[in-house]
Structure formats: structure tokens, C-alpha cells
Amino acid sequence: MINRRQFLYLAGAGAVNLLNVNGSPLAGVGMASSKDKDFIPDLELSLTAAPAEVQISPGELTTVWKYTGQVTKGNPDSLMNSDQSYLGPIIRTRKNRKIRIHFKNNLPAESIIHWHGLHVPAEMDGHPMYVIPSGKTFTYEFEVLNRAGTYWYHPHPHGRTGHQVYGGLAGLFLVSDDEEDKLNLPNKELDIPLVIQDRSFSNTNRLIYLPRGMHDSMTGMLGDTICVNGRPDFTLSVSTRIYRLRILNGSNSRIYKLAWSDGTPLTVIATDGGLLEKPVQKKYVVLGPAERIELWADFSKYPIGTSLELVSKYFEAAMQGTAMGPRRGMTGGDKLPNGAPFPVLKIDVAGEEKETRSLPNKLSSIERYHPRDADNSDNPRQFSFFMRHMRGLINGRTFQMQEVAGDEMIRLNSTELWELSNDDRSMGMMMMPTPHPVHLHGKQFQVVERSGALHRGYVDEGWKDTVLLMPGERAKIVANFTDYPGMFLYHCHILEHGDMGMMRNYLIT
Ligand SMILES: [Cu+2]
């Protein structure tokens, strides 16, 4: 532990380093002034966030906050808006494409967009210090360096992220590449994005956020209506074909334990950072907020007329791995607590078509990390996540916009071992241990070691940007901090926890 005096000094040193890296005062970084004159985009988009009204349920329209967009240069198919949903447009592009995005904020609040899972320069990552006020525009420029995969974007203004995402602001960012093309995976209408979120509605179809105030913030907001692609009671009509299902848990705090209702194992082909080396079969997959999986879903074996469900199965959301505690079992939400079982979506096998594809044995090459590959393999960085006194803390510290502590300084191009632990313990009746899905901005990582109870439901075989830690669980991750120096966030992706300060900067120099 470092004392306060030392800590303040290091925090100051962090700010100085950042000045040196960027060569300009913090306030100016990332605004129009930092744009690269030689940057010629392959794709140029405008994305506007604004209030909108959508028909989510019969009866009154629901007021939401929504991204809409258009392509101003490049392939017009790179962006697909949805009138049916509050979700933002799906952006599709390829590795090594250069993209310029003009984000116009027409919300009655400040905001900024974070590209979740993408490896972009610090000033393009949507750090909350870059929030723009209502009526202003922020221009992003970056090259897509990520491998093919299912990434996404959402707002990141500090203290308001949970509210804005819940209001509807989120969209998918799908990347393809040459390696993926060669696999001939199900494409076009057989490639289906599924964004799973929970919401609560009033009887006049208004969105309800944090109805029980601080209590809901502590557990994270849990809605009692499961929406898929922005629709409740979602049904997918399929043919007797093989589908690629790209699943994002876009919920503020709900965890899903996904399984097929008929007991068929899930065939997982990708995680947060793209394709696995080879397909993995799972009885169930536990997906925390912000995590993604892609499934190879073979409906060719079902007779026409079959109905099937993707369900979320019961699990114990509280007190995993801890012996004590006032309440075991499901937590939060009166009607639909975290851990309660429910159907997520219905599949109707409706059309007969011939299937010719078969599951590839090998999907991709991944250089697997071991803890010994890290420069600090003997001495992993330790980050402990817990709530205290209604604040979210990491190693006992809460978020400060431009603060970096001594143990949050990373050398550019180093390969690091981090040990993340959920140390939320019961603190009497006021406190209840909760899960903490930990997300690193800027870099994909690999999970190299785990302890915990829901173990069998995690897919740790591929690249990740978010790792779920149930109460008492810990995970070791390895990341290689290449290309981009600067200040990036790491935080709990229960969005209410992040808004309560369970978020910190790390600084690459
Ligand atoms: Cu958390």
C-alpha cells in the first residue's frame, strides 16, 4: 500500500507524463486540433444521438435516446439503421479500414462515444474527459486494427453512462477480415446479431430507471422485461440452416446463463475479441454485461414447426465462493432478480432449405499467453474491486477524471500479468456482494487463470475485453500494451458501479 502523500505525488507525475506523450494540454487532446492532416478515411460516417420515440410495446410510444447515422463516404452498406428499435445503427467494416466518424450530440446532456473492444488511440477512445455538450460534434479518426469480431459502441460520460445506455444508446460495430472470409461462415441473412438487454416499463410504456434509487445502483439496474434487439418477446424465424448468432449482453447489470431449451450444447465460435482457435461446446455460457459470444447454431436437424428457446438458467448471483452472508441466491430486482430463470428468445423453425455448410475444425490462430510470458510474471499487478460506503472502489480508490496512481503506470510495449479480484464481502445488512465484470479499454487480453464457481460457463479460450468476476472470484489476465500510449480506463461494466466510481485510469508511457 502507498500512503496518501506518495499517492498524490504519483498522481501528479501521471499527469505530467501525459503532457509529454501528447505534447499538448489535456483539455485540447482529441478535439478537432489533434486531427491528422494525412488521414484519408475509407469510410466516413455521421452518428447523431438524440431523443426519439419508438414502438416497443403495443399502446403508447416509448421515449428513448437513440443513435442514428449515415454514410457520407464509402460503402453505403457499412451502416444499417433500425426503425424497429431504440438501438443504434449496426456499423460493418473491415480490418485496416480507416474510419472518420462525426458524432453529433443532440441530447439534452453531455456525452461521448466509447468504441468497446476496439484498439484505438487514447484520444479516440471516448474517455469521459472528452465529453461534448449538447449541440456539439466530436470527430473520431482511427484505423480498425482489430481482428474480425463483434464489437460495440456506447456512451461514456462519467456518472451518466448507466442512464444513457439504459435510455437506448448502444450499437454494434462488426469487423470482418481475410482470415474470417476464408472460413465461409454463415453470412448475410444467416449472420444474426442479437443484443440482449433488460428494461422496466411503466404501464404507459415509459422506461423506468433506478426506481429504488441507491438500492438499484448497488445491485445494478435490473429490468423485468427481456428485450432482444430492442424488442420484448423476441422470436426468430429460421430455416433448416446453420446460423451465426452474434450475441452481445448489452444489459446494464444483468448476467445471463445461456442454454438451448432442448439441452443441445452451445457451439461457441467467438468471444469478445473474435474467433476462437476452434469451436468450443458448452452446456451453458455465462455472459456478463458487455461480453459477447458467437454461436454456430445448427437448425438443420429440426423438423419444420419446431419451437425452441434460448433460455437463461438459474444461478446463484450472490455469495459465490464466500461462506458468510445474510442472503444467498438471487439478487436485486423485485420481479426478476439476477440469477432467476427466464426465456431470452424463441426460435421458430419455419422454412425448409438445404444446408451444405459444416463446422470448421479450425477457425483461427491465436498465440496463447501463459503467465510466464509477462514481464512481471513474478509480481502481477493486483486490482481489487469492491463497494464501500455507497462508492465503487478499485484498490480502495474511486474514479478521478485525470488521476493515475503509481500501480496504474504501464510501459508501452510491455506484456503484463494482472490479477483481478472481486473482493466484495458482506458488510452486514446494508451491503450485499455483487458481481463485477471488469473491462479494459484499449486492449484485448487473455484470461490465463481463474478461480470461481461459475467457471464452467466461462469461455476463456479466446481474446477478451471484459471478464466477469462473481463475488469472491479472481482471474489473471495477460495483455500486451502496444501501439498507443496515453490514458485508458479500466472499470466495472455494471454501469451503475462505474458511475459510482468503480473506474480508474491506467497510463501507458
Ligand atoms: Cu461492479
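A disulfide is a pair of cysteine sulfur atoms within 2.5 Å. By that test, the whole structure holds zero disulfides. Cys 227, for its part, is buried at 0% relative accessibility, where buried means under 20% relative accessible area, exposed over 50% and partly exposed in between, with a 1.4 Å probe and protein chains only.

This is a predicted model, in which local features need pLDDT of at least 70, side-chain atom pairs count only at pLDDT 80 or more, and totals for chains, interfaces and linings use all residues. Residues are numbered from 1 along each chain as its sequence is written, and side-chain values use heavy atoms, with hydrogens and water left out.

Turn next to the copper ion. His 436 (ND1), Cys 492 (SG) and His 497 (ND1) coordinate the copper ion at 2.0 to 2.1 Å. Donors here are N, O and S atoms within 2.8 Å of the metal (3.2 Å for Na, K and Ca); water is not among the atoms, so sites may look incomplete. Along the chain, the donors follow the spacing H-x55-C-x4-H. Cys 492 is buried, with a relative accessible area of 0%. His 497 is buried too, at 0%.

Now follow a sheet. Five strands make up an open sheet with mixed pairing, in the order β23-β22-β25-β29-β27. Strands (E, at least two residues) and helices (H or I, at least four) are DSSP runs, numbered from the N terminus. Two strands pair if DSSP finds at least two bridges between them. The edges belong to β23 (391–394) and β27 (446–451); each has a single partner strand, so one side of each is left without a neighbour in the sheet. β22 (residues 381–388) pairs with β23 in the antiparallel sense, over four bridges. Here Arg 388 stands opposite Arg 391 in β23.

Asp 272 counts as buried, at 0% relative accessibility. Its side chain makes a polar contact with the side chain of Lys 464, at 3.3 Å. A polar contact is a pair of N or O atoms within 3.5 Å; within protein, one must be able to donate a hydrogen and the other to accept it, and residues adjacent in sequence count only if both atoms are side-chain atoms. A polar atom of the Asp 272 side chain also lies 3.0 Å from the backbone nitrogen of Asp 465. Leaving aside neighbours within four places in sequence, Asp 272 is in contact (heavy atoms within 4.5 Å) with residues including Thr 150, Tyr 151, Glu 291, Arg 292 and Trp 463.
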